[in-house]
Amino acid sequence: MLALEFDFLQRQLEERKRRLEAVVATAPRNSGLADLLREVDSALDRMAEGTYGLCLECHESVEQDRLLADPLVQYCLDHLTPHQRTALQRDLDLASQVQRNLLPEKGLRVAGWETSYHFEPVGAVSGDYCDLIPSNGQLLFMLGDVSGKGVAASMLMAQLHALFRSLTQMSLPLGQIVTHINRFFCESALAGQYATLVCGLAKPTGEVEIHNAGHCPAIVVGPNGVFRIESTGMPLGMFRETEFSATRVQLQTGDTLFLYTDGLSEAASESDEYGVDRVMTLVHRQSARQPAELIAACLDDMRAFTNGSPNFDDMTMLAVRRCD
């Protein structure tokens, strides 16, 4: 575990101990709080001894995303009791349902734009982020990828969703929204956590403003060809004062903006990686398709390329097409 993450968890536990001690002093008969205080004390003792984060049964490292989600975890997944496994599965199922409820409406059509997306976690929860927000007769779209996997990544993804939803209600320019979110991530995320993001504002005129913060190239495709929009900024959460410049493109009727996370571009066969060039070739060949059909064709091609091998990373795709 990184030193900064260890320090963060230690501060969290010490703060939790102070609050519990204050509450226990006023409610000494509350055995549940007393038991929780003992668990916190035990975790702090393990930190002092240098054994924190090691399974009490096998003495191997406990899964890091579980520690970040619950600093009191004492056993790795292999040594949970049946009751603990059931409780963990119940929590993961609930987290998965909550995360899927954050996804935007399927087949959303706004201000001359039609959309479709595909969201495919590699586990119960995902660090991928996808959202569509109608705003003042325009369409805001976002696709991102939080570093890491599992519960810790999904928690940061939920933060990203909440921040965008809150800031868009303030009618701020998109560039300012990205800057505010980057600063928040720099101040609140754990060491080593960051998020790549591509987001944009699609206007009824066909003009699209795009910000790409360290994400995979966005692809624009239509009857006149295909081109890519590269990243113009660092991922969110790396440097507080990073500048995020915009790219503006004019889409014609029938043109499509195709966004994806690296679960697609880095999908692998036995000897090769799917790659951005193959994504561009596929969407160019399928450029006349509706957004849902384009995504389905891309999925079929990727699965044929990998010969049906299971995904090793979360995968999300978003297609935004200018219609009549």
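Two strands count as paired if DSSP finds at least two bridges between them. In this predicted model, pairing of that kind joins six strands into an open sheet with the order S1-S2-S11-S10-S7-S8, and the pairing is antiparallel. Strand S1 (109–110) and strand S8 (225–229) stand at the edges; each has a single partner strand, so one side of each is left without a neighbour in the sheet.

Within this sheet, strand S2 (residues 113–120) and strand S11 (residues 315–322) are joined by eight bridges in the antiparallel sense. A point of reference on this pair is Thr115, which stands opposite Val320 in S11. Helix H9 (residues 291–305) packs on the sheet and touches S2, S10 and S11. The direction of H9 makes about 30° with that of S2. Helix H8 (residues 275–285) lies across strand S7 (218–222), S8 and strand S10 (256–260). Relative to S8, helix H8 runs at about 145°.

A further open sheet has five strands in the order S3-S4-S5-S6-S9, with antiparallel pairing. Its edge strands are S3 and strand S9 (247–250), each of which pairs on one side only. From one strand to the next, the twist averages 15°. Strand S5 (residues 195–202) and strand S6 (residues 207–213) run antiparallel and are joined by six bridges. On this pair, Leu201 stands opposite Glu209 in S6. Helix H5 packs on the five-stranded sheet, where H5 touches S3, strand S4 (138–146) and S5. The direction of H5 makes about 15° with that of S3.

The structure holds four aromatic pairs. In one of them, the rings of Tyr129 and Phe164 have centres 6.2 Å apart and planes at 25°; planes under 30 degrees apart count as stacked, so this pair is stacked. Tyr129 belongs to strand S3 (residues 128–135) and Phe164 to helix H5 (residues 150–168), so the pair links parts of the chain that are distant, 35 residues apart. Tyr129 and Phe164 are both buried.

Phe258 is buried, with a relative accessible area of 0%, and Tyr260 counts as buried at 1% relative accessibility. A ring also meets a charge: the charged end of Lys106 sits over the ring of Tyr117, 4.1 Å from its centre.

The C-alpha atoms fill a box of roughly 70 × 45 × 30 Å along the principal axes. Of the 324 residues, 48% count as buried. Among contacts between residues at least 6 apart in sequence, 66% join residues at least 24 apart. The chain exposes about 15,700 Å², and carbon and sulfur atoms supply 50% of that area.

Definitions and conventions
Residues are numbered from 1 along each chain as its sequence is written. This is a predicted model: local features need pLDDT of at least 70, side-chain atom pairs count only at pLDDT 80 or more; totals for chains, interfaces and linings use all residues. Side-chain values use heavy atoms; hydrogens and water are left out. Rings of Phe, Tyr and Trp (its six-membered ring) pair if their centres lie within 6.5 Å; planes under 30 degrees apart count as stacked, over 60 as edge-to-face and the rest as tilted. Helices (H or I, at least four residues) and strands (E, at least two) are DSSP runs, numbered from the N terminus. Buried means under 20% relative accessible area, exposed over 50%, partly exposed in between (1.4 Å probe, protein chains only). A charge sits over a ring if NZ of Lys or CZ of Arg is within 6 Å of the ring centre and within 35 degrees of the ring normal. Contact means heavy atoms within 4.5 Å. Axes are lines fitted to C-alpha atoms, for helices over the stretch in contact, and angles run from 0 to 180 degrees between N-to-C directions. Accessible areas come from the Shrake-Rupley method with a 1.4 Å probe; for residues, only the protein chains shown count as cover.
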